[in-house]
Amino acid sequence: RYEAVIFDLDGVIADTAKFHYEAWKKIAEELGIYFDEKINESLKGVSRMESLEILLKQSEKEYSQEQKNYFASKKNDYFKSMIQKITPGDILPGSIELIKILKRYNVKLAVASASRNANTVLENLGIKSEFDYIVDAAKIVNVKPDPEIFLAAAENLGVEPKKCVGIEDSVAGIEAIKRAGMFAIGIGDPTILKKADMVLEDLRYTQKIVKLVIGE
Ligand code: G6P
Ligand code: MG
């Protein structure tokens with residue numbers, strides 16, 4: 001039996017991965033650099049500045065730190081205006097049911113998102129109070145694939161990492177969960193999330209997850 005489930009947010013609980021993608025696409029267009037869904041896979045789970053660095057690899061130009069700060073903050077402005085309108089309708093299918101069942105079994109729940117907008121997203125979705133702990137991304141020094149954010153969640157829940165299940169839609173996130181010594185559930189494509197212990201299309205596979213966690 002596992003004692004805690006640590007969720008990523010964008011692309012796992014919230015249908016917001018598409019907004020990050022759209023916002024980066026706008027920046028790429030403005031910079032006149034190539035961007036596609038495949039490059040976007042490597043941005044998932046990665047911090048804002050690091051995402052920009054990955055994006056800029058497609059460009060031959062050199063950008064100053066000041067320019068980088070400008071584009072990172074512009075991307076965040078786009079993203080923030082997109083999430084302003086999100087409502088409980090933007091919760092990905094299966095999430096609520098899964099959260100409710102896990103709570104009934106006294107499984108501790110946390111959110112480990114690299115996003116500095118995580119609190120706003122959770123508030124707008126109306127589910128912030130469902131979680132025992134939400135990691136503050138601003139306090140995390142080493143970003144995913146480093147295990148730090150998942151280890152911080154486990155520590156705050158008071159649960160040993162090996163008693164935790166992590167759920168992620170990104171390659172960097174799955175690696176972070178594995179390096180933290182936890183069971184990793186991938187949400188998405190098994191050919192992309194190769195290091196996950198189990199890959200599901202979405203959280204509608206509630207029973208499968210509950211069975212794994214409860215150990216029945
Ligand atoms: C999550 C998303 C990434 C995003 C990162 C930082 O990990 O998957 O796409 O870049 O958070 O988000 P932020 O809202 O702080 O720019
Ligand atoms: Mg994600």
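User: To start, how many helices and strands does the protein chain have?

Analyst: The protein chain of this predicted model contains 9 helices and 6 strands.

User: And what does the C-alpha trace span along its principal axes?

Analyst: The C-alpha trace of the protein chain spans about 55 × 35 × 30 Å along those axes.

User: What radius of gyration does the chain have, and what would a compact globule have?

Analyst: The protein chain has a radius of gyration of 17 Å. A compact globule with 216 residues would have a value near 17 Å, so the two agree.

User: Now the helices. How does one describe two packed helices?

Analyst: Two packed helices are described by the angle between their axes and by the distance between those axes.

User: Then how do H1 and H4 cross?

Analyst: The axes of helix H1, residues 17-31, and helix H4 cross at roughly 140° and come within 9 Å. H1 and H4 are therefore oblique to each other, because an angle has to be over 145 degrees to count as roughly antiparallel. The crossing in which H1 passes H4 is right-handed.

User: Which residues make that contact?

Analyst: From H1, the contact is made by Phe19, His20, Glu22, Ala23, Trp24, Lys26 and Ile27. H4 contributes Phe71, Lys74, Lys75, Tyr78, Phe79, Met82 and Ile83. By class, the residues of this contact of H1 with H4 are 9 nonpolar, 1 polar and 4 charged.

User: What about H3 and H4, at which angle do they pack?

Analyst: H3 and H4 pack at about 110°, and their axes are 10 Å apart. These two helices are therefore roughly perpendicular to each other. Their crossing is right-handed.

User: Which residues meet there?

Analyst: Arg48, Met49 and Leu52 of H3 meet Lys68, Phe71, Ala72, Lys75 and Asn76 of H4. This contact of H3 with H4 has 4 nonpolar, 1 polar and 3 charged residues.

User: And H5 with H9, are they roughly parallel or roughly perpendicular?

Analyst: H5 and H9 are roughly parallel to each other. The axes of H5 and helix H9, residues 206-214, cross at roughly 25° and come within 10 Å. H5 passes H9 in a right-handed crossing. On the H5 side, Glu97, Leu98, Ile101 and Leu102 make the contact, and on the H9 side Thr206, Ile209, Val210 and Val213 do. The residues in this contact of H5 with H9 divide into 6 nonpolar, 1 polar and 1 charged.

User: Changing topic: which residues come nearest to ligand 1?

Analyst: There are 17 residues around ligand 1, and those that come nearest are His20, Arg48, Ala114, Ser115 and Arg116. His20 also belongs to the H1 side of the contact with H4, and Arg48 to the H3 side of the contact with H4.

User: Which helices supply at least two residues of that shell?

Analyst: Helix H3 (48-56) and helix H4 (65-83) each supply at least two residues of the shell around ligand 1. By class, this shell has 4 nonpolar, 9 polar and 4 charged residues.

User: Where is the cis peptide bond, then?

Analyst: The cis peptide bond joins Lys144 and Pro145, with omega about 15°. Pro145 lies in the loop between strand S3 (133-134) and helix H7 (148-157).

User: And what is phi of Asn106?

Analyst: Phi of Asn106 is near 60°, which is a positive value in a residue other than glycine. Asn106 sits in the loop between helix H5 (95-104) and strand S2 (108-111).

Technical notes: Residues are numbered from 1 along each chain as its sequence is written. Chains are lettered from A and ligands numbered from 1 in the order in which they are written. This is a predicted model: local features need pLDDT of at least 70, side-chain atom pairs count only at pLDDT 80 or more; totals for chains, interfaces and linings use all residues. A residue is near a molecule or strand if its C-beta atom, placed from the backbone, lies within 6 Å of it. Helices (H or I, at least four residues) and strands (E, at least two) are DSSP runs, numbered from the N terminus. Ala, Val, Leu, Ile, Met, Phe, Trp, Tyr, Cys and Pro count as nonpolar, Asp, Glu, Lys and Arg as charged, and the others, Gly among them, as polar. Axes are lines fitted to C-alpha atoms, for helices over the stretch in contact, and angles run from 0 to 180 degrees between N-to-C directions. Angles under 35 degrees count as roughly parallel, over 145 as roughly antiparallel, 65 to 115 as roughly perpendicular and the rest as oblique. A crossing is left-handed if the near helix is turned anticlockwise from the far one by less than a right angle, and right-handed if clockwise. Two residues are in contact if their C-beta atoms, placed from the backbone, lie within 7 Å. The radius of gyration is taken over C-alpha atoms; the globule rule is 2.2 Å times the number of residues to the power 0.38.
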